[in-house]
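Q: Could you walk me through this structure? I'm new to it.
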Amino acid sequence: MPPALRSTVRSAVAVAAVGAVTFVFAAVLAANPTTVALTYLVVILTIASTWGIFEATLASLTGVACLNFFFLPPVGTFTIADPQNWIALLAFMATAIVTSQLSGRARLRTLETLARQRDLERLYALGRALLLWDGRASPAQAVASDIATAFGFSSVALYDRHADAIARAGVADLPGIEGALHEVALQGTVLQPRRDVVVTAIRLGGAPIGGLAMAGEPLTDTVVQSVANLAAIALERARGQDMMSRAEAARQSGELRATLLDAVAHEFKTPLTSVKIAASALIDKLPAAAPEHELAVIIGEEGDRLEGLVNDATQVLRLESGDFALRRAPITAHDLVAHTIHELSARLDGRTFVNAAPEDLVLDVDGNLARVALRHLVDNAIKYSPAGSTITLGAEPGRAGGTVDLVVHNTGSEVPSGDAARVFDRFYRGAHSRSIAGSGMGLAIVRQIAHAHGGDVSLDTGSAGTSFRITLRGGHVAP
(Lines give C-alpha, C1' and ligand atoms only; values in the text may rest on other atoms or scores of the structure.)
Protein backbone atom coordinates (compact mmCIF):
# COMPACT_ATOMS: atom_id res chain seq x y z
CA MET A 1 0.00 0.00 0.00
CA PRO A 2 1.35 3.48 -0.91
CA PRO A 3 2.33 5.62 2.10
CA ALA A 4 -0.25 8.35 1.30
CA LEU A 5 -3.12 5.85 1.10
CA ARG A 6 -1.94 4.12 4.28
CA SER A 7 -1.97 7.46 6.17
CA THR A 8 -5.48 8.25 4.90
CA VAL A 9 -6.82 4.87 6.02
CA ARG A 10 -5.28 5.27 9.48
CA SER A 11 -6.78 8.75 9.88
CA ALA A 12 -10.21 7.47 8.89
CA VAL A 13 -9.97 4.57 11.34
CA ALA A 14 -8.92 6.94 14.17
CA VAL A 15 -11.91 9.20 13.54
CA ALA A 16 -14.18 6.13 13.25
CA ALA A 17 -12.92 4.78 16.58
CA VAL A 18 -13.85 8.03 18.35
CA GLY A 19 -17.22 8.00 16.56
CA ALA A 20 -17.87 4.44 17.72
CA VAL A 21 -17.21 5.38 21.36
CA THR A 22 -19.48 8.39 20.95
CA PHE A 23 -22.28 6.24 19.54
CA VAL A 24 -22.04 3.67 22.33
CA PHE A 25 -22.19 6.26 25.13
CA ALA A 26 -24.75 8.56 23.48
CA ALA A 27 -27.22 5.98 22.19
CA VAL A 28 -26.71 2.90 24.37
CA LEU A 29 -25.13 3.49 27.78
CA ALA A 30 -26.00 7.14 28.46
CA ALA A 31 -22.76 7.76 30.45
CA ASN A 32 -21.78 11.05 32.07
CA PRO A 33 -19.21 13.41 30.41
CA THR A 34 -16.37 12.38 32.75
CA THR A 35 -16.65 8.70 31.80
CA VAL A 36 -16.83 9.63 28.12
CA ALA A 37 -13.77 11.85 28.39
CA LEU A 38 -11.69 9.14 30.10
CA THR A 39 -12.72 6.61 27.47
CA TYR A 40 -11.69 9.04 24.72
CA LEU A 41 -8.26 9.34 26.39
CA VAL A 42 -7.82 5.56 26.39
CA VAL A 43 -8.70 5.41 22.68
CA ILE A 44 -6.37 8.33 21.88
CA LEU A 45 -3.45 6.76 23.77
CA THR A 46 -4.05 3.48 21.98
CA ILE A 47 -4.00 5.21 18.58
CA ALA A 48 -0.86 7.17 19.53
CA SER A 49 1.04 4.06 20.62
CA THR A 50 -0.09 2.11 17.57
CA TRP A 51 0.19 4.59 14.69
CA GLY A 52 1.73 7.87 15.79
CA ILE A 53 1.28 11.54 16.57
CA PHE A 54 -0.73 12.68 13.54
CA GLU A 55 -3.51 10.09 13.89
CA ALA A 56 -3.65 10.62 17.70
CA THR A 57 -3.92 14.41 17.33
CA LEU A 58 -6.73 14.01 14.79
CA ALA A 59 -8.53 11.64 17.21
CA SER A 60 -8.08 14.20 20.04
CA LEU A 61 -9.69 17.00 18.06
CA THR A 62 -12.52 14.67 17.00
CA GLY A 63 -13.07 13.66 20.63
CA VAL A 64 -13.22 17.31 21.79
CA ALA A 65 -15.85 18.06 19.15
CA CYS A 66 -17.93 14.96 20.00
CA LEU A 67 -17.72 15.61 23.78
CA ASN A 68 -18.95 19.18 23.24
CA PHE A 69 -21.73 18.29 20.79
CA PHE A 70 -23.14 15.10 22.34
CA PHE A 71 -22.43 15.28 26.07
CA LEU A 72 -22.05 18.89 27.33
CA PRO A 73 -25.33 20.87 27.70
CA PRO A 74 -26.95 22.22 25.71
CA VAL A 75 -26.60 18.83 23.87
CA GLY A 76 -26.80 18.94 20.09
CA THR A 77 -24.99 22.25 19.76
CA PHE A 78 -21.40 23.39 19.91
CA THR A 79 -22.26 25.99 22.58
CA ILE A 80 -21.67 25.47 26.33
CA ALA A 81 -24.03 27.03 28.90
CA ASP A 82 -22.08 26.28 32.09
CA PRO A 83 -18.68 28.03 32.35
CA GLN A 84 -17.37 25.07 34.33
CA ASN A 85 -17.97 22.89 31.32
CA TRP A 86 -15.70 25.20 29.32
CA ILE A 87 -12.98 24.53 31.81
CA ALA A 88 -13.65 20.80 31.66
CA LEU A 89 -13.62 20.83 27.84
CA LEU A 90 -10.39 22.82 27.66
CA ALA A 91 -8.78 20.53 30.24
CA PHE A 92 -9.86 17.50 28.26
CA MET A 93 -8.54 18.98 25.03
CA ALA A 94 -5.18 19.84 26.58
CA THR A 95 -4.89 16.44 28.22
CA ALA A 96 -5.85 14.59 25.05
CA ILE A 97 -3.42 16.49 22.85
CA VAL A 98 -0.51 16.37 25.33
CA THR A 99 -0.96 12.68 26.06
CA SER A 100 -1.24 11.88 22.36
CA GLN A 101 1.95 13.84 21.66
CA LEU A 102 3.86 12.15 24.51
CA SER A 103 2.64 8.70 23.59
CA GLY A 104 3.41 9.28 19.91
CA ARG A 105 6.90 10.48 20.68
CA ALA A 106 7.51 7.52 22.93
CA ARG A 107 6.40 5.27 20.11
CA LEU A 108 8.73 7.04 17.67
CA ARG A 109 11.66 6.61 20.04
CA THR A 110 10.82 2.95 20.42
CA LEU A 111 10.63 2.52 16.66
CA GLU A 112 13.95 4.35 16.22
CA THR A 113 15.56 2.12 18.84
CA LEU A 114 14.21 -0.98 17.14
CA ALA A 115 15.36 0.33 13.77
CA ARG A 116 18.88 0.97 15.10
CA GLN A 117 18.95 -2.48 16.64
CA ARG A 118 17.80 -4.02 13.36
CA ASP A 119 20.43 -2.04 11.43
CA LEU A 120 23.16 -3.16 13.84
CA GLU A 121 22.06 -6.77 13.47
CA ARG A 122 22.12 -6.43 9.68
CA LEU A 123 25.54 -4.78 9.73
CA TYR A 124 26.83 -7.54 12.00
CA ALA A 125 25.43 -10.20 9.68
CA LEU A 126 26.98 -8.43 6.69
CA GLY A 127 30.39 -8.11 8.36
CA ARG A 128 30.35 -11.77 9.37
CA ALA A 129 29.40 -12.87 5.85
CA LEU A 130 32.18 -10.76 4.33
CA LEU A 131 34.75 -12.22 6.74
CA LEU A 132 33.69 -15.74 5.75
CA TRP A 133 34.24 -15.11 2.02
CA ASP A 134 35.51 -18.40 0.61
CA GLY A 135 37.00 -17.06 -2.60
CA ARG A 136 34.71 -19.03 -4.91
CA ALA A 137 33.01 -15.90 -6.28
CA SER A 138 34.72 -12.69 -7.26
CA PRO A 139 35.16 -10.21 -4.38
CA ALA A 140 32.74 -7.65 -5.89
CA GLN A 141 30.09 -10.29 -6.59
CA ALA A 142 30.41 -11.74 -3.09
CA VAL A 143 30.07 -8.29 -1.48
CA ALA A 144 27.01 -7.39 -3.59
CA SER A 145 25.30 -10.72 -2.80
CA ASP A 146 26.03 -10.43 0.94
CA ILE A 147 24.62 -6.88 1.07
CA ALA A 148 21.44 -7.91 -0.75
CA THR A 149 20.98 -10.88 1.59
CA ALA A 150 21.70 -9.03 4.84
CA PHE A 151 19.38 -6.06 4.14
CA GLY A 152 16.80 -7.75 1.91
CA PHE A 153 17.39 -5.32 -0.96
CA SER A 154 15.62 -6.03 -4.21
CA SER A 155 18.68 -4.98 -6.18
CA VAL A 156 22.36 -4.20 -5.47
CA ALA A 157 24.98 -3.10 -7.97
CA LEU A 158 28.65 -2.68 -7.03
CA TYR A 159 31.32 -1.10 -9.25
CA ASP A 160 34.96 -2.04 -8.51
CA ARG A 161 37.35 0.50 -10.06
CA HIS A 162 40.34 -1.82 -9.65
CA ALA A 163 38.70 -4.57 -11.72
CA ASP A 164 36.68 -2.06 -13.79
CA ALA A 165 33.62 -4.33 -13.51
CA ILE A 166 30.08 -4.12 -12.11
CA ALA A 167 28.66 -6.95 -9.98
CA ARG A 168 24.90 -7.28 -9.49
CA ALA A 169 22.75 -9.11 -6.94
CA GLY A 170 19.08 -9.27 -5.92
CA VAL A 171 15.86 -10.40 -7.52
CA ALA A 172 15.44 -7.25 -9.63
CA ASP A 173 17.74 -5.12 -11.78
CA LEU A 174 18.69 -1.45 -11.80
CA PRO A 175 18.66 -0.42 -15.46
CA GLY A 176 20.83 2.54 -16.41
CA ILE A 177 22.66 2.62 -13.08
CA GLU A 178 26.11 2.27 -14.65
CA GLY A 179 26.53 6.02 -15.22
CA ALA A 180 25.68 6.87 -11.61
CA LEU A 181 28.10 4.22 -10.32
CA HIS A 182 30.96 5.57 -12.42
CA GLU A 183 30.14 9.14 -11.36
CA VAL A 184 30.23 8.46 -7.62
CA ALA A 185 33.37 6.32 -8.05
CA LEU A 186 35.14 9.24 -9.72
CA GLN A 187 33.79 12.13 -7.64
CA GLY A 188 33.16 10.42 -4.29
CA THR A 189 29.59 11.76 -4.04
CA VAL A 190 26.20 10.35 -3.02
CA LEU A 191 23.24 10.25 -5.42
CA GLN A 192 19.56 9.33 -4.95
CA PRO A 193 17.94 8.94 -8.39
CA ARG A 194 14.76 7.54 -6.78
CA ARG A 195 13.31 7.54 -3.27
CA ASP A 196 14.04 3.83 -2.88
CA VAL A 197 17.48 3.92 -4.53
CA VAL A 198 20.72 5.31 -3.12
CA VAL A 199 24.09 5.38 -4.89
CA THR A 200 27.19 6.09 -2.79
CA ALA A 201 30.93 6.01 -3.26
CA ILE A 202 33.04 3.24 -1.73
CA ARG A 203 36.02 4.92 -0.08
CA LEU A 204 39.28 3.56 1.23
CA GLY A 205 41.61 5.95 2.99
CA GLY A 206 39.53 8.90 1.77
CA ALA A 207 39.89 7.98 -1.92
CA PRO A 208 36.95 6.47 -3.84
CA ILE A 209 37.65 2.93 -5.07
CA GLY A 210 34.20 2.12 -6.42
CA GLY A 211 30.47 2.76 -6.27
CA LEU A 212 27.53 1.02 -4.57
CA ALA A 213 23.84 1.23 -5.58
CA MET A 214 21.11 -0.22 -3.33
CA ALA A 215 17.38 -0.43 -4.05
CA GLY A 216 14.87 -1.22 -1.33
CA GLU A 217 14.00 0.00 2.15
CA PRO A 218 15.49 3.47 2.74
CA LEU A 219 18.43 3.58 5.17
CA THR A 220 19.91 6.37 7.25
CA ASP A 221 23.07 8.06 5.99
CA THR A 222 25.04 6.45 8.81
CA VAL A 223 23.97 2.95 7.81
CA VAL A 224 24.62 3.63 4.12
CA GLN A 225 28.16 4.79 4.88
CA SER A 226 28.71 1.84 7.21
CA VAL A 227 27.71 -0.56 4.43
CA ALA A 228 30.04 1.25 2.00
CA ASN A 229 32.90 1.08 4.53
CA LEU A 230 32.40 -2.65 5.04
CA ALA A 231 32.38 -3.11 1.26
CA ALA A 232 35.66 -1.16 0.97
CA ILE A 233 37.30 -3.24 3.71
CA ALA A 234 36.10 -6.49 2.11
CA LEU A 235 37.38 -5.51 -1.35
CA GLU A 236 40.77 -4.45 0.01
CA ARG A 237 41.04 -7.59 2.15
CA ALA A 238 40.24 -9.77 -0.85
CA ARG A 239 42.79 -7.87 -2.94
CA GLY A 240 45.40 -8.34 -0.21
CA GLN A 241 44.67 -12.06 0.00
CA ASP A 242 44.99 -12.32 -3.76
CA MET A 243 48.37 -10.56 -3.71
CA MET A 244 49.57 -12.82 -0.89
CA SER A 245 48.41 -15.89 -2.78
CA ARG A 246 50.19 -14.73 -5.91
CA ALA A 247 53.36 -13.98 -3.95
CA GLU A 248 53.24 -17.37 -2.23
CA ALA A 249 52.59 -19.12 -5.53
CA ALA A 250 55.52 -17.28 -7.10
CA ARG A 251 57.75 -18.17 -4.14
CA GLN A 252 56.75 -21.83 -4.24
CA SER A 253 57.21 -21.85 -8.01
CA GLY A 254 60.70 -20.41 -7.60
CA GLU A 255 61.53 -22.95 -4.89
CA LEU A 256 60.23 -25.75 -7.09
CA ARG A 257 62.27 -24.60 -10.05
CA ALA A 258 65.39 -24.27 -7.87
CA THR A 259 64.81 -27.77 -6.42
CA LEU A 260 64.36 -29.24 -9.88
CA LEU A 261 67.50 -27.53 -11.13
CA ASP A 262 69.38 -28.76 -8.07
CA ALA A 263 68.29 -32.28 -8.98
CA VAL A 264 69.28 -31.72 -12.62
CA ALA A 265 72.65 -30.29 -11.56
CA HIS A 266 73.23 -33.30 -9.29
CA GLU A 267 72.32 -35.71 -12.07
CA PHE A 268 74.62 -33.86 -14.49
CA LYS A 269 77.55 -33.87 -12.08
CA THR A 270 78.67 -37.47 -12.56
CA PRO A 271 78.49 -37.61 -16.39
CA LEU A 272 80.02 -34.14 -16.70
CA THR A 273 82.88 -35.11 -14.44
CA SER A 274 83.46 -38.25 -16.50
CA VAL A 275 83.39 -36.26 -19.76
CA LYS A 276 85.86 -33.69 -18.40
CA ILE A 277 88.22 -36.39 -17.07
CA ALA A 278 88.10 -38.22 -20.34
CA ALA A 279 88.70 -35.03 -22.32
CA SER A 280 91.62 -34.11 -20.06
CA ALA A 281 93.17 -37.58 -20.51
CA LEU A 282 92.85 -37.30 -24.28
CA ILE A 283 94.43 -33.85 -24.27
CA ASP A 284 97.40 -35.17 -22.29
CA LYS A 285 97.93 -38.27 -24.49
CA LEU A 286 97.27 -36.89 -27.95
CA PRO A 287 99.90 -34.87 -29.78
CA ALA A 288 99.13 -31.18 -29.96
CA ALA A 289 99.19 -31.27 -33.75
CA ALA A 290 96.68 -34.09 -33.99
CA PRO A 291 93.13 -33.10 -35.10
CA GLU A 292 91.76 -35.22 -32.27
CA HIS A 293 93.63 -33.07 -29.75
CA GLU A 294 91.63 -29.99 -30.80
CA LEU A 295 88.39 -31.96 -30.56
CA ALA A 296 89.27 -33.08 -27.03
CA VAL A 297 89.95 -29.47 -26.07
CA ILE A 298 86.54 -28.45 -27.44
CA ILE A 299 84.88 -31.27 -25.45
CA GLY A 300 86.54 -30.07 -22.24
CA GLU A 301 85.63 -26.43 -22.84
CA GLU A 302 81.99 -27.24 -23.67
CA GLY A 303 81.79 -29.47 -20.59
CA ASP A 304 82.97 -26.55 -18.46
CA ARG A 305 80.45 -24.28 -20.20
CA LEU A 306 77.58 -26.72 -19.62
CA GLU A 307 78.50 -27.01 -15.95
CA GLY A 308 78.58 -23.23 -15.64
CA LEU A 309 75.15 -22.89 -17.30
CA VAL A 310 73.52 -25.31 -14.86
CA ASN A 311 75.19 -23.68 -11.85
CA ASP A 312 74.16 -20.19 -12.99
CA ALA A 313 70.54 -21.22 -13.57
CA THR A 314 70.34 -22.86 -10.14
CA GLN A 315 71.92 -19.82 -8.47
CA VAL A 316 69.61 -17.20 -10.01
CA LEU A 317 66.44 -19.20 -9.29
CA ARG A 318 67.47 -19.84 -5.69
CA LEU A 319 68.11 -16.12 -5.21
CA GLU A 320 64.75 -15.21 -6.74
CA SER A 321 62.83 -17.68 -4.58
CA GLY A 322 64.52 -16.46 -1.40
CA ASP A 323 65.78 -19.98 -0.66
CA PHE A 324 68.87 -18.72 1.17
CA ALA A 325 69.87 -16.72 4.21
CA LEU A 326 72.47 -13.96 4.29
CA ARG A 327 75.44 -14.82 6.47
CA ARG A 328 76.95 -11.43 7.07
CA ALA A 329 80.46 -11.20 8.37
CA PRO A 330 83.09 -8.42 8.23
CA ILE A 331 85.58 -8.58 5.36
CA THR A 332 87.81 -5.87 3.94
CA ALA A 333 87.14 -4.74 0.41
CA HIS A 334 90.84 -5.20 -0.41
CA ASP A 335 90.79 -8.88 0.62
CA LEU A 336 87.55 -9.49 -1.27
CA VAL A 337 89.03 -8.04 -4.47
CA ALA A 338 92.33 -9.88 -3.96
CA HIS A 339 90.52 -13.19 -3.64
CA THR A 340 88.62 -12.56 -6.88
CA ILE A 341 91.78 -11.58 -8.74
CA HIS A 342 93.56 -14.73 -7.55
CA GLU A 343 90.61 -16.89 -8.57
CA LEU A 344 90.47 -15.51 -12.13
CA SER A 345 94.14 -14.73 -12.76
CA ALA A 346 94.53 -17.81 -14.98
CA ARG A 347 92.07 -16.29 -17.46
CA LEU A 348 93.76 -12.92 -17.92
CA ASP A 349 95.05 -13.76 -21.43
CA GLY A 350 97.19 -10.61 -21.67
CA ARG A 351 94.94 -8.37 -19.58
CA THR A 352 96.00 -6.64 -16.38
CA PHE A 353 94.24 -6.65 -13.01
CA VAL A 354 94.51 -3.67 -10.67
CA ASN A 355 93.35 -3.88 -7.03
CA ALA A 356 92.26 -0.32 -6.20
CA ALA A 357 90.23 -1.22 -3.10
CA PRO A 358 91.33 0.52 0.14
CA GLU A 359 92.47 -1.71 2.98
CA ASP A 360 90.54 0.21 5.63
CA LEU A 361 87.11 -0.20 4.02
CA VAL A 362 85.23 -3.02 5.80
CA LEU A 363 82.12 -4.69 4.37
CA ASP A 364 79.53 -6.39 6.57
CA VAL A 365 78.13 -8.69 3.88
CA ASP A 366 77.73 -12.31 2.93
CA GLY A 367 81.27 -12.92 1.73
CA ASN A 368 80.41 -15.91 -0.46
CA LEU A 369 77.65 -14.06 -2.31
CA ALA A 370 79.76 -10.91 -2.63
CA ARG A 371 82.57 -12.99 -4.21
CA VAL A 372 80.07 -14.58 -6.60
CA ALA A 373 78.80 -11.16 -7.71
CA LEU A 374 82.30 -9.75 -8.10
CA ARG A 375 83.46 -12.85 -9.98
CA HIS A 376 80.59 -12.53 -12.48
CA LEU A 377 81.42 -8.86 -13.12
CA VAL A 378 85.12 -9.58 -13.61
CA ASP A 379 84.31 -12.56 -15.82
CA ASN A 380 82.08 -10.25 -17.89
CA ALA A 381 84.89 -7.67 -18.11
CA ILE A 382 87.35 -10.32 -19.30
CA LYS A 383 84.96 -11.50 -22.02
CA TYR A 384 84.24 -8.07 -23.43
CA SER A 385 87.60 -6.31 -23.14
CA PRO A 386 90.41 -6.83 -25.68
CA ALA A 387 93.76 -8.36 -24.79
CA GLY A 388 96.15 -5.84 -23.30
CA SER A 389 93.42 -3.82 -21.58
CA THR A 390 93.27 -3.04 -17.86
CA ILE A 391 90.56 -4.25 -15.48
CA THR A 392 90.38 -2.25 -12.26
CA LEU A 393 88.59 -3.52 -9.17
CA GLY A 394 87.85 -0.80 -6.63
CA ALA A 395 85.64 -0.02 -3.64
CA GLU A 396 84.45 3.15 -1.96
CA PRO A 397 81.85 4.27 0.61
CA GLY A 398 78.43 4.46 -1.03
CA ARG A 399 76.44 7.62 -1.56
CA ALA A 400 73.87 6.45 0.99
CA GLY A 401 75.02 6.01 4.56
CA GLY A 402 75.98 2.49 5.60
CA THR A 403 76.57 1.27 2.04
CA VAL A 404 79.68 0.26 0.08
CA ASP A 405 80.15 0.42 -3.69
CA LEU A 406 82.22 -2.25 -5.45
CA VAL A 407 83.35 -1.04 -8.89
CA VAL A 408 84.68 -3.09 -11.80
CA HIS A 409 86.05 -0.99 -14.66
CA ASN A 410 87.54 -2.24 -17.91
CA THR A 411 89.02 -0.14 -20.69
CA GLY A 412 88.58 -0.65 -24.36
CA SER A 413 84.94 -1.80 -24.42
CA GLU A 414 81.63 0.05 -24.58
CA VAL A 415 78.09 -1.31 -24.17
CA PRO A 416 75.74 -0.11 -26.95
CA SER A 417 73.02 2.22 -25.73
CA GLY A 418 70.34 -0.20 -26.90
CA ASP A 419 71.72 -2.95 -24.66
CA ALA A 420 72.54 -0.88 -21.56
CA ALA A 421 68.97 -0.91 -20.22
CA ARG A 422 68.60 -4.69 -20.53
CA VAL A 423 71.97 -6.19 -19.65
CA PHE A 424 70.70 -7.19 -16.18
CA ASP A 425 67.73 -9.14 -17.56
CA ARG A 426 67.92 -12.91 -17.39
CA PHE A 427 69.13 -14.61 -20.59
CA TYR A 428 69.46 -11.29 -22.43
CA ARG A 429 72.44 -11.06 -24.73
CA GLY A 430 73.06 -8.18 -27.09
CA ALA A 431 73.66 -8.62 -30.77
CA HIS A 432 77.39 -7.90 -30.38
CA SER A 433 77.81 -10.66 -27.75
CA ARG A 434 76.25 -13.56 -29.64
CA SER A 435 79.70 -14.84 -30.63
CA ILE A 436 81.00 -14.77 -27.04
CA ALA A 437 80.39 -17.75 -24.76
CA GLY A 438 77.95 -17.09 -21.95
CA SER A 439 74.54 -17.90 -20.50
CA GLY A 440 73.11 -14.40 -20.17
CA MET A 441 72.51 -14.99 -16.45
CA GLY A 442 75.67 -13.64 -14.83
CA LEU A 443 74.54 -10.02 -14.52
CA ALA A 444 71.06 -11.14 -13.43
CA ILE A 445 72.72 -13.04 -10.56
CA VAL A 446 74.70 -9.92 -9.65
CA ARG A 447 71.51 -7.86 -9.44
CA GLN A 448 69.78 -10.47 -7.28
CA ILE A 449 72.72 -10.55 -4.86
CA ALA A 450 72.71 -6.74 -4.66
CA HIS A 451 68.95 -6.72 -3.97
CA ALA A 452 69.41 -9.38 -1.28
CA HIS A 453 71.82 -6.97 0.47
CA GLY A 454 69.38 -4.07 0.18
CA GLY A 455 71.31 -2.49 -2.70
CA ASP A 456 71.42 -2.43 -6.48
CA VAL A 457 73.76 -2.58 -9.47
CA SER A 458 74.29 0.04 -12.19
CA LEU A 459 76.18 0.45 -15.45
CA ASP A 460 78.24 3.40 -16.71
CA THR A 461 79.62 3.05 -20.24
CA GLY A 462 81.38 5.34 -22.66
CA SER A 463 84.46 5.76 -24.82
CA ALA A 464 86.72 5.45 -21.75
CA GLY A 465 85.39 1.97 -21.00
CA THR A 466 82.68 0.32 -18.96
CA SER A 467 82.08 0.41 -15.20
CA PHE A 468 79.75 -1.81 -13.19
CA ARG A 469 78.93 -0.57 -9.69
CA ILE A 470 77.42 -2.85 -7.03
CA THR A 471 75.91 -1.09 -4.01
CA LEU A 472 75.74 -3.31 -0.91
CA ARG A 473 74.17 -2.22 2.36
CA GLY A 474 76.51 -2.82 5.28
CA GLY A 475 79.99 -1.39 5.62
CA HIS A 476 82.24 1.22 7.23
CA VAL A 477 85.75 2.65 7.22
CA ALA A 478 87.90 0.97 9.83
CA PRO A 479 89.23 3.38 12.52
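**A pocket and a core**

A: The second largest pocket is lined by 14 residues, and those nearest its centre are Ala115, Arg116, Asp119, Thr220 and Val223; a pocket here is an open set of points on a 1 Å grid over the protein atoms alone, where a 1.4 Å probe fits, with protein on both sides within 12 Å along at least five of seven lines, and lining residues have an atom within 4 Å of a point. This is a predicted model, in which local features need pLDDT of at least 70 and side-chain atom pairs count only at pLDDT 80 or more, while totals for chains, interfaces and linings use all residues. Residues are numbered from 1 along each chain as its sequence is written, and side-chain values use heavy atoms, with hydrogens and water left out.

Q: Which helix gives the most to that lining?

A: That is α4, with seven residues; helices are DSSP runs (H or I, at least four residues) numbered from the N terminus.

Q: Changing topic, how many residues has the largest nonpolar core?

A: It has 39, and Phe353, Leu363, Leu393, Leu406, Val408 and Ile470 are those with the most contacts inside it; such a core is a set of buried Ala, Val, Leu, Ile, Met, Phe, Trp, Tyr and Cys residues joined through side-chain atoms within 4.5 Å, where buried means under 20% relative accessible area with a 1.4 Å probe, protein chains only.

Q: And which element supplies the largest share?

A: The largest share of this core comes from α10, with nine residues.

Q: What does Ile470 touch?

A: Leaving aside neighbours within four places in sequence, Ile470 is in contact (heavy atoms within 4.5 Å) with residues including Ala373, Leu377 and Val446.

Q: How much of the chain is buried?

A: Of its 479 residues, 39% count as buried.

Methods: Buried means under 20% relative accessible area, exposed over 50%, partly exposed in between (1.4 Å probe, protein chains only). Helices (H or I, at least four residues) and strands (E, at least two) are DSSP runs, numbered from the N terminus.
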